[in-house]
Amino acid sequence: MDKKTISADGTSLAYASRGEGPPVILVSGAMSTGDTVAPLAEALADRFTAVVYDRRGRGASGDTQPYAVEREVEDLAALIGAVGGEAALYGVSSGGALALRAAASGLPVRRIAVYEVPFAVYEGGAEERAEYTERLTSALEQDRRGDAVELFLRLTGLGEGLIQGARQSPMWPGMESIAPSLAYDDAVMGDGLVPQARLASITAPVLSLAGGASPGWMREAARIVADTTPRGTCRVLERQSHMVEPEVLAPVLAEFFGE
């Protein structure tokens, strides 16, 4: 990240841009930084100014306390101001929930695309998310960062064997280092259900995406997001999972953002 801007509460935000053209800001999800979506930015850079950034509490960005989701919306406002005063947004997973919230708050957002925002549209989803919030809060209050990461990985459906393997991997210390930001993504997701009133207030076009190889409830959540936003469209990317391939996603986003 070679650039900095300052959010309304004084938090320093690290970001980088690639290419030339209308700005598109990429919003990463949980347990990730701007580097996570950098390959997608590279794939968009031939037509757009693709902007990646470290959300507060991770990477090279600051982390002013106390946290509130409104501060992350202000972060996006600062970034939009830094790149020209208007931008399109793309958000993946919980980053998609943040992008939608920013658009609903009245930021100058031209278009919004989201990929698999994990709203709990399945039976028992609200109860599962409430239990996750309670256990995550307890783990972080006791500084049990490894346990917090495990809770998140279980929520994503990762098996116990893979979780224990991850604990032994070279990536684990980095995951523990940004574990406190899991609470931020949890706050962005709210109660885990689709915030229908908020989505209904978004006036910009919305493209809600999901992968054909992902669980059916993720495609259902994507459809509900599209149906709830006044100018929403849903599209399924065949053979893609939650870890969508940039070379498959980029042409779809380029077509949408270029309209």
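What is the volume of the largest pocket? The largest pocket comes to about 1,400 Å³, where a pocket is an open set of points on a 1 Å grid over the protein atoms alone, fitting a 1.4 Å probe and having protein on both sides within 12 Å along at least five of seven lines. This is a predicted model, in which local features need pLDDT of at least 70 and side-chain atom pairs count only at pLDDT 80 or more, while totals for chains, interfaces and linings use all residues. Residues are numbered from 1 along each chain as its sequence is written, and side-chain values use heavy atoms, with hydrogens and water left out.

**Pockets**

- Grid points are joined across faces, edges and corners, and a volume is the space filled by probe spheres set on the points.
- The largest pocket has 46 lining residues (those with an atom within 4 Å of a point), and Ala 30, Phe 152, Thr 156, His 242 and Met 243 lie nearest its centre.
- That lining divides into 28 nonpolar, 14 polar and 4 charged residues; Ala, Val, Leu, Ile, Met, Phe, Trp, Tyr, Cys and Pro count as nonpolar, Asp, Glu, Lys and Arg as charged, and the others, Gly among them, as polar.
- Helix 8 (residues 182–189) gives the most to the lining of the largest pocket, with 4 residues; helices (H or I, at least four residues) and strands (E, at least two) are DSSP runs numbered from the N terminus.
- The second largest pocket has a volume of about 170 Å³, and its lining consists of Glu 128, Glu 131, Tyr 132, Arg 135, Leu 151, Arg 154 and Leu 155.
- Two or more residues of that lining come from each of helix 4 (125–141) and helix 5 (145–155), and helix 4 gives the most, with 4.
- In the second largest pocket the lining holds 3 nonpolar, no polar and 4 charged residues.

- Helix 5 has Gly 146, Ala 148, Val 149, Glu 150, Leu 151, Phe 152 and Leu 153 as its buried residues; buried means under 20% relative accessible area, exposed over 50% and partly exposed in between, with a 1.4 Å probe and protein chains only.
- The cover over these buried residues includes helix 4, helix 6, helix 7 and helix 8, with contact meaning heavy atoms within 4.5 Å.

**Backbone geometry to check**

- Most residues other than glycine have a negative phi, and most peptide bonds are trans.
- Gln 65 and Pro 66 are joined by a cis peptide bond, with omega about 0°, and Pro 66 is in the loop between strand 4 (49–53) and helix 2.
- Ser 93 has a positive phi near 55° and counts as buried because its relative accessibility is 14%.
- Arg 239 also has a positive phi, about 65°; this residue, in the loop between strand 8 (232–237) and helix 11 (246–257), counts as exposed because its relative accessibility is 73%.
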